[in-house]
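Subject: Structure for your records

Hello,

Here is the structure I said I would pass on. My notes follow it.

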Amino acid sequence: MAIRSDAGLFGYERALVRRGLGPVAGVDEAGRGACAGPMVVAAVVLDHRRLGLLRRLTDSKLLTERVREEVHADVLAAAAAVSTVVIPAAEIDQTGVHVANIMGMRRAVAGLDVWPRYVLTDGFAVAGLGAESLAVIKGDLMVGCIAAASVVAKVTRDRIMRSLHERYPEYDFAQHKGYVTAAHTAAMTRYGPCEQHRLSYVNVAALAAPAGETRSLRLEDRVAMTSLRGVTETA
């Protein structure tokens, strides 16, 4: 599918709709590279009658936290359907981050109230989405519905990390959101990993102390907990 370079943020979706392939969903995730907290995957179908609400929409990483919250509200107002999937650290440890990401994308699309005829994903192709799909390099910067999904995923995850900060203030999750920073590493070194850390990650595993010396849980215990809790999904 050829898209003109000046087609703008919504060029992909408009081209697909003109070809009778709408509605179009965009999918993206937040937290893939973090070593603590969940990964959040979002799928968004935009209502093309309300795109005027999204003048500030772009890749969530390019927005300040305050503006991102405001754009998140704009996305919800302009969306025909939104679905989010929260994948806990224990499930990421169990399946691996890439498999968890792909499974999350499938669940997010399946959770949409409006069934898409076409799905656009950020960066890499995903099979099993239930519709034709296309991977777009730098999709969160180039494609409106993917950018919208990136904002929903990022804001949802940041809110979760701020909530986890209340339970585990010693790790300062509200500040670094579970990503690897000097301060986060220092906290893990001092207190050991907790159950919100991804024990399959090398940097976390290296700091895990013997059982009983920290608040961390053994990987096999966390896998069992995951099978009981499942994945939180909201539409």
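Ala43 stands opposite Ser83 in strand E3. Strands E2 (residues 39-46) and E3 run antiparallel and are joined by 8 bridges; two strands pair if DSSP finds at least two bridges between them. E3 covers residues 79-87 and is mostly covered, with 8 of its 9 residues buried. Buried means under 20% relative accessible area, exposed over 50%, and partly exposed in between, with a 1.4 Å probe and protein chains only. Helices (H or I, at least four residues) and strands (E, at least two) are DSSP runs, numbered from the N terminus.

This is a predicted model: local features need pLDDT of at least 70, side-chain atom pairs count only at pLDDT 80 or more, and totals for chains, interfaces and linings use all residues. Residues are numbered from 1 along each chain as its sequence is written, and side-chain values use heavy atoms, with hydrogens and water left out.

Thr156 lies in H6. Its side chain reaches the backbone oxygen of Val152 at 2.7 Å. Leaving aside neighbours within four places in sequence, Thr156 is in contact (heavy atoms within 4.5 Å) with Val40 and Thr84.

His165 is also placed in H6. His165 counts as buried because its relative accessible area is 18%. Not counting residues up to four places away in sequence, His165 touches Asp172, Phe173 and Ala174.

Regards

How values were computed:
Polar contact = N/O pair within 3.5 Å; in protein donor to acceptor, adjacent residues only side chain to side chain.
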